Amino acid sequence: MKLIRCLFISTSIFLVQSVFAHHSFQATYDMDSMIEIKGNLVQMNFRNPHSSVMIMAPDEDGNIRRWGVEWGGASLLMRQGLTRTSFRPGDEVVITGQPSREKTDYRMRMESILRPADNFGWGFDEDQTFD
């Protein structure tokens, strides 16, 4: 009986930790809004469970800020044809996505990214052109 109770408690703790380990996009981002930022990529983190990029771009008042942009996991992005070198520090990019619920966080959830220099992008329809 003690063994069964011990297993039940251990399993319960594991399941509770798993549920709280992943956050809700709706809790972090304003999913009803869409913004666009244009700036220079300073860092790309290509990893699971979420990749991210850091961009130096202006805020609403024109002040240059470091934006953290959350993206899909590396596994998913690789299946979609991207690699860790698809975007590099120094690239000028245009990113659209949902802003953070906390406006002073300068974070967003990525919907699309475009490098205007060669019109390379991600998150667009296949028949969409960038010209």
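1. What share of the contacts in the protein chain with a separation of 6 or more comes from residues 24 or more positions apart? Such residues account for 51% of these contacts, a contact being a pair of heavy atoms within 4.5 Å.

2. On the basis of the note: this is a predicted model, in which local features need pLDDT of at least 70 and side-chain atom pairs count only at pLDDT 80 or more, while totals for chains, interfaces and linings use all residues. Residues are numbered from 1 along each chain as its sequence is written, and side-chain values use heavy atoms, with hydrogens and water left out.

3. The protein chain has three helices and six strands, and from the N terminus on these run α-α-β-β-β-α-β-β-β; helices (H or I, at least four residues) and strands (E, at least two) are DSSP runs, numbered from the N terminus.

4. Of the 131 residues of the protein chain, 34% count as buried, that is, under 20% relative accessible area, against over 50% for exposed and in between for partly exposed, with a 1.4 Å probe and protein chains only. The accessible surface of the chain comes to about 8,800 Å², of which carbon and sulfur atoms hold 54%, by the Shrake-Rupley method with a 1.4 Å probe.

5. Leaving aside neighbours within four places in sequence, Val-53 is in contact with residues including Leu-41, Trp-67, Val-69, Trp-71, Ile-95 and Met-110.

6. Asp-91, placed in the loop between α3 and β4, is buried, with a relative accessible area of 16%. Not counting residues up to four places away in sequence, Asp-91 touches Gly-39, Asn-40, Leu-41, Ser-86 and Arg-115. The side chains of Asp-91 and Arg-115 are joined by a polar contact of 3.0 Å, the term denoting a pair of N or O atoms within 3.5 Å, where within protein one must be able to donate a hydrogen and the other to accept it, and residues adjacent in sequence count only if both atoms are side-chain atoms. The C-alpha atoms of Asp-91 and Ala-117, 26 residues apart along the chain, are separated by 8.4 Å.

7. Val-42 lies in strand β1 and is partly exposed, with a relative accessible area of 34%.
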